[in-house]
Amino acid sequence: DMPQAELRVIAALSGDDKLIELCSIADESRKFDPRYDPHSYVASIAFPNYLDIPEWETKVLPDGTLKKFSRRKGLRDAIKAVIYGLNYGAGAAKVHQTIMTDPRYDGPPLSIEMVDRIIVAIYQAFPKVRSYREKVIAAASKSGYVRDALIGRHRVYPLLDVSPTEASNYAIQATVASMMDLSIVEIACALPQVDESAMLVAQVHDALYGECDEDKAESCKALLAEGMSQKIRLVPDAPWMEFPVTAKAAHVWAQLG
């Protein structure tokens with residue numbers, strides 16, 4: 001699995017130094033710390049009292065049981081949803097509707113005005129992301145196509161009827177897809193040298209699944225992690241963006257979740 005693949009591609013495509021830095025040092029164990037997480041970093045700008053909110057609190061449910069919850073997590077999840085919503089071209093109203101109708105969302109109630117505030121904070125935190133999006137749309141409107149950054153995968157607009165939402169998102173999604181395709185080819189060629197019976201059986205977004213002999217599991221796991229890991233720079237003079245991979249081995253599919 002390649003965590004934060006889309007966000008890291010956005011960082012690489014835009015060349016935004018701060019977003020690349022935060023993605024590079026992102027630490028799941030410190031995801032509520034703005035110094036180690038891009039979503040929490042935006043939260044600290046949008047909500048200056050973010051760090052004053054307790055990481056974890058306990059509330060009593062109607063049946064008398066106690067439930068541990070986090071207001072910080074709720075705000076972070078909301079900002080994460082806004083960031084990805086922007087990449088799909090959604091505006092404040094659509095992002096707000098998506099968040100507030102999601103049964104999994106247990107953060108604080110959000111207004112459209114608060115979503116607007118988060119959007120302003122995102123572009124303040126990562127200014128090159130906005131300018132990148134504008135450049136992609138302008139280039140597609142002029143050339144009649146938009147492409148990925150790696151292998152030439154492209155979407156054509158013969159009549160120059162460019163959808164800004166589609167064009168800005170295509171480059172991100174297509175670049176992630178091309179990264180995965182290149183990894184699959186590399187891994188498929190190398191896998192028989194590790195285990196002749198091993199095979200790749202599925203790709204689910206930014207994750208690959210394979211089967212192999214039990215005694216070769218660790219070697220195959222290492223190969224998949226190495227083959228999927230990337231380090232790319234798509235903007236001259238920008239920092240390199242790393243794409244680390246987490247790998248697991250198990251006897252049944254359910255244990256890989």
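The questions below go from the whole chain to single residues.

Analyst: One point before we start: this is a predicted model.

User: What makes up the protein chain, in helices and strands?

Analyst: The chain holds nine helices and eight strands. Its C-alpha trace spans about 55 × 55 × 35 Å along the principal axes.

User: How much of the chain counts as buried?

Analyst: Of the 257 residues, 39% count as buried. The accessible surface comes to about 14,100 Å². Carbon and sulfur atoms own 54% of that surface.

User: What share of the contacts join residues at least 24 apart?

Analyst: The share is 55%, counted among contacts between residues at least 6 apart in sequence.

User: Why is Ser183 called buried?

Analyst: Buried means under 20% relative accessible area. Ser183 has 0% relative accessibility, so the label applies. Ser183 is found in helix α8, residues 164-194.

User: Which residues does Ser183 touch, leaving out those up to four places away in sequence?

Analyst: Ser183 touches Gly227, Met228 and Gln230.

User: What makes the approach of Ser183 to the backbone oxygen of Gly227 a polar contact?

Analyst: The cut-off for a pair of N or O atoms is 3.5 Å. A polar atom of the Ser183 side chain lies 3.2 Å from the backbone oxygen of Gly227. That value is within the cut-off.

User: How far is Ser183 from Ile20, in sequence and in space?

Analyst: They are 163 residues apart in sequence. From C-alpha to C-alpha, the separation is 22 Å.

User: Are Cys220 and Cys23 buried or exposed?

Analyst: Cys220 has 5% relative accessibility, so Cys220 counts as buried. Cys23 is at 0%, and therefore counts as buried.

User: Why is Leu234 called partly exposed?

Analyst: Partly exposed runs between the 20% limit for buried and the 50% limit for exposed. Leu234 stands at 25% relative accessibility, so Leu234 falls in that range. Leu234 is found in the loop between β7 (230-232) and β8 (241-243).

User: What does Leu234 touch, apart from residues up to four places away in sequence?

Analyst: Leu234 touches Ala12, Leu13, Ala149 and Leu150. Thr58 lies 176 residues from Leu234 along the chain, and 45 Å separate their C-alpha atoms.

User: Which residues make the nonpolar surface patch?

Analyst: Leu150, Ile151 and Leu182 make a patch of about 240 Å².

User: How many salt bridges does the structure have?

Analyst: A search of the whole structure finds eleven. Side chains of opposite charge can pair when their charged atoms come close.

User: Why is the pair of Arg35 and Asp33 called a salt bridge?

Analyst: The limit from nitrogen to carboxyl oxygen is 4 Å. The side chains of Arg35 and Asp33 meet at 2.8 Å, N to O. That is within the limit, so the pair counts as a salt bridge. Arg35, at 56% relative accessibility, counts as exposed. Asp33, at 17%, counts as buried.

User: How do you know that Glu134 and Arg130 form a salt bridge?

Analyst: Their side chains meet at 3.9 Å, N to O. The limit is 4 Å, so this pair counts too. Both lie in helix α7 (residues 127-143), four residues apart, about one turn of the helix. Glu134 is partly exposed at 48%, and Arg130 is partly exposed at 43%.

User: What separates Lys221 and Glu218 in helix α9?

Analyst: Lys221 and Glu218 are three residues apart in helix α9 (residues 217-228), so about one helical turn separates them. Their side chains meet in a salt bridge at 3.2 Å, N to O. Lys221 is partly exposed, at 24%. Glu218 counts as exposed, at 52%.

Key. Residues are numbered from 1 along each chain as its sequence is written. This is a predicted model: local features need pLDDT of at least 70, side-chain atom pairs count only at pLDDT 80 or more; totals for chains, interfaces and linings use all residues. Side-chain values use heavy atoms; hydrogens and water are left out. Helices (H or I, at least four residues) and strands (E, at least two) are DSSP runs, numbered from the N terminus. Buried means under 20% relative accessible area, exposed over 50%, partly exposed in between (1.4 Å probe, protein chains only). Contact means heavy atoms within 4.5 Å. A polar contact is a pair of N or O atoms within 3.5 Å; within protein, one must be able to donate a hydrogen and the other to accept it, and residues adjacent in sequence count only if both atoms are side-chain atoms. Patches are made of residues with over 30% relative accessible area and no salt bridge: like charges are joined within 9 Å, nonpolar side chains (Val, Leu, Ile, Met, Phe, Trp, Tyr) within 5 Å. Accessible areas come from the Shrake-Rupley method with a 1.4 Å probe; for residues, only the protein chains shown count as cover.
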